[in-house]
Amino acid sequence: MGSLILFDKVAKGCRAEEILLLDEPMTALDPLASAEFYEILEQLKKDGVTLIIISHDVHCAVKYGDKIMHLGRDEVFFGKSEEYCHSSIGQKMLMEGHHHD
């Protein structure tokens with residue numbers, strides 16, 4: 001839980017018009033800490049902070065992201081989350097269950 005407290009302190013230091021880049025931030029978090037983490041991210045979005053999150057959890061990316069950039073070996077997608085869900089690669093990834101619980 002210490003890393004979540006540290007993230008919360010960093011997040012509170014962010015101001016609107018700032019960018020926060022996170023690389024696989026959910027990797028070591030249990031489900032409760034993950035839920036708290038997403039609450040913090042939602043507040044940052046409301047405060048105008050741009051979040052760029054690198055994740056293999058497609059379901060959470062679609063649920064919380066406004067836009068998706070998918071870089072696959074043979075396929076590339078960039079667009080709104082809703083568009084990703086209807087794209088061939090998005091449907092494939094969502095059906096295959098690419099997420100971490």
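Colleague: What volume does the largest pocket have?
Modeller: About 1100 Å³. Keep in mind that this is a predicted model.

Colleague: Which residues are closest to its centre?
Modeller: Ile53, Ile54, Ala61, Lys67 and Met69. They are the closest of the 35 residues that line the largest pocket.

Colleague: And which helices and strands supply the lining of the largest pocket?
Modeller: Helix 2 (31-46), strand 2 (50-54), helix 3 (58-64) and strand 3 each supply at least two residues.

Colleague: How does that lining split by class?
Modeller: The lining has 21 nonpolar residues, eight polar ones and six charged ones.

Colleague: Back up a bit. How many helices and strands are there in the protein?
Modeller: Five helices and four strands. Along the sequence, the pattern reads α-β-α-β-α-β-β-α-α.

Colleague: What share of the residues is buried?
Modeller: 30% of the 101 residues in the protein.

Colleague: Now strand 3. Which residues are on its covered face, and which on its uncovered one?
Modeller: Strand 3 covers residues 67-71. Ile68 and His70 make up the covered face. Lys67, Met69 and Leu71 are on the uncovered one.

Colleague: How do strand 3 and strand 4 run, and how many bridges join them?
Modeller: They run antiparallel, with five bridges between them. Strand 4 is residues 76-80. A hairpin of four residues links strand 3 to strand 4.

Colleague: What stands opposite Met69?
Modeller: Phe78, in strand 4. Met69 is also among the residues closest to the centre of the largest pocket.

Colleague: On to helix 2. What is its reach from first C-alpha to last?
Modeller: Helix 2 reaches 23 Å with 16 residues. That is close to the 22 Å expected at 1.5 Å a residue.

Colleague: Which of its residues are buried?
Modeller: In helix 2, the buried residues are Ala33, Ser34, Phe37, Tyr38, Ile40, Leu41 and Leu44. Down the helix 2 axis, they fall within an arc of 160°, so they line one face of the helix.

Colleague: What is exposed on the other side of helix 2?
Modeller: Pro31, Leu32, Glu39 and Lys46 are exposed there.

Colleague: Which residues are buried in helix 5?
Modeller: Helix 5 is residues 88-96, and its buried residues are Ile89, Gly90, Met93 and Leu94. Viewed down the axis of helix 5, these fall within an arc of 125°, so they too line one face. Ser88 and Met95 are exposed on the face turned away from the buried side.

Colleague: New topic: Glu24. What is its phi?
Modeller: Near 50°. That is a positive value in a residue other than glycine.

Colleague: Where is Glu24 found?
Modeller: In the loop between strand 1 (19-23) and helix 2.

Colleague: Why does Glu24 count as partly exposed?
Modeller: Its relative accessibility is 22%. Partly exposed runs between the buried cut-off, under 20%, and the exposed one, over 50%.

Colleague: Last one, Thr50. Where does it lie?
Modeller: Thr50 lies in strand 2. At 39% relative accessibility, Thr50 also counts as partly exposed.

Colleague: What separates the C-alpha atoms of Thr50 and Leu20?
Modeller: 6.2 Å, with the two residues 30 apart along the chain.

Key
Residues are numbered from 1 along each chain as its sequence is written. This is a predicted model: local features need pLDDT of at least 70, side-chain atom pairs count only at pLDDT 80 or more; totals for chains, interfaces and linings use all residues. Side-chain values use heavy atoms; hydrogens and water are left out. Buried means under 20% relative accessible area, exposed over 50%, partly exposed in between (1.4 Å probe, protein chains only). Two strands pair if DSSP finds at least two bridges between them. On a 1 Å grid over the protein atoms alone, a cavity is a set of points where a 1.4 Å probe fits but cannot get out, and a pocket is an open set with protein on both sides within 12 Å along at least five of seven lines; lining residues have an atom within 4 Å of a point. Grid points are joined across faces, edges and corners, and a volume is the space filled by probe spheres set on the points. Ala, Val, Leu, Ile, Met, Phe, Trp, Tyr, Cys and Pro count as nonpolar, Asp, Glu, Lys and Arg as charged, and the others, Gly among them, as polar. The expected span of a helix is 1.5 Å times one less than its number of residues. The arc is that of the directions from the helix axis to the C-beta atoms.
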